[in-house]
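Dear colleague,

Please find below the structure that I am handing over to you, followed by an account of what was found in it.

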Amino acid sequence: MTRATDDGFGSLAVSPAQRSNLERLGYLSMTPIQAASLPAVLAGKDVIAKAKTGSGKTAAFGIGLLERINPRSLATQALVLCPTRELADQVTGELRRLARAVPNCKLLSLVGGKPFGPQKGSLAHGAHVVVGTPGRVLDHLQKGNLKLDGLRMLVLDEADRMLAMGFADAMDAIIAETPKKRQTLLFSATYPDAIAAISRKIQKAPVSATVEAVH
Ligand code: ADP
Ligand code: MG
């Protein structure tokens, strides 16, 4: 169960449309990880965030990410990498709810185990936000279906699990195709040494947001 804080979303630099959307969703106050990370995410800073499962990490990056999407540009502006198809589906669902506040924002899920053709077709129409698993995203990149030269925000969600599942090389290959000047958000439930190492490699002056489990 998500624990809320006393902090409403009112203190944040989010659009009035998102404010009322959050109200409709019943998100009345920020969870601790949202309170700790959203101001930095909205300010365009790199963030490394650690909090347990179920703590509201998707909205912690999602609200910030969607606020900074320009629906008038067709480029893929944000890419969210997730370790599994199920997690990518969950993130896509949550981002779709949050994206109701951003008219004409197109979200696309690129996960393995689904046919390639329709994903390619959707990419041809343009997607502002792509959520996917590293293997399938890399596949589309290498086939030229997905272009990341207009990317401004990269999110590694459940980065610890992605590394544990052996996606380090695929992640590296994807990151190599993104512009150097970008916002990089690293979300994780745990903080193994490998996460510190990848943060040093791909982030610039990251703001740390950590919410320890309460026992
Ligand atoms: P995590 O990624 O940390 O595991 P999720 O982003 O999946 O957590 O969020 C867990 C649940 O909490 C979701 O059902 C989400 O809709 C809900 N949630 C997120 N933020 C809030 C909030 N501020 N107020 C109420 N519920 C929230
Ligand atoms: Mg999550």
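The shell around ligand 1 consists of nine polar, three charged and two nonpolar residues; here Ala, Val, Leu, Ile, Met, Phe, Trp, Tyr, Cys and Pro count as nonpolar, Asp, Glu, Lys and Arg as charged, and the others, Gly among them, as polar. This is a predicted model, in which local features need pLDDT of at least 70 and side-chain atom pairs pLDDT 80 or more, while totals for chains, interfaces and linings use all residues. Residues are numbered from 1 along each chain as its sequence is written, chains are lettered from A and ligands numbered from 1 in the order in which they are written, and side-chain values use heavy atoms, with hydrogens and water left out.

Ligand 1 makes polar contacts (pairs of N or O atoms within 3.5 Å). A polar side-chain atom of Thr58 lies 2.7 Å from an oxygen atom of the ligand, an N or O atom in the side chain of Lys57 is 2.9 Å from a ligand oxygen, and for a backbone N or O atom of Gly56 the distance to a ligand oxygen is 3.1 Å. Of the 570 Å² of accessible area that ligand 1 has on its own, the protein covers 75% (Shrake-Rupley method, 1.4 Å probe).

Strand 4 (residues 129-132) is joined in parallel to strand 2 (residues 78-81) by four bridges, with Val80 opposite Val131. Strands are DSSP runs of E, at least two residues long, and helices are runs of H or I of at least four; two strands pair if DSSP finds at least two bridges between them. Strand 3 (residues 107-110) also pairs with strand 4 in the parallel sense, over four bridges, and Leu107 stands opposite Val129.

Yours sincerely

Technical notes
Buried < 20%, exposed > 50% of the residue type's maximum accessible area, 1.4 Å probe, protein only. Polar contact = N/O pair within 3.5 Å; in protein donor to acceptor, adjacent residues only side chain to side chain.
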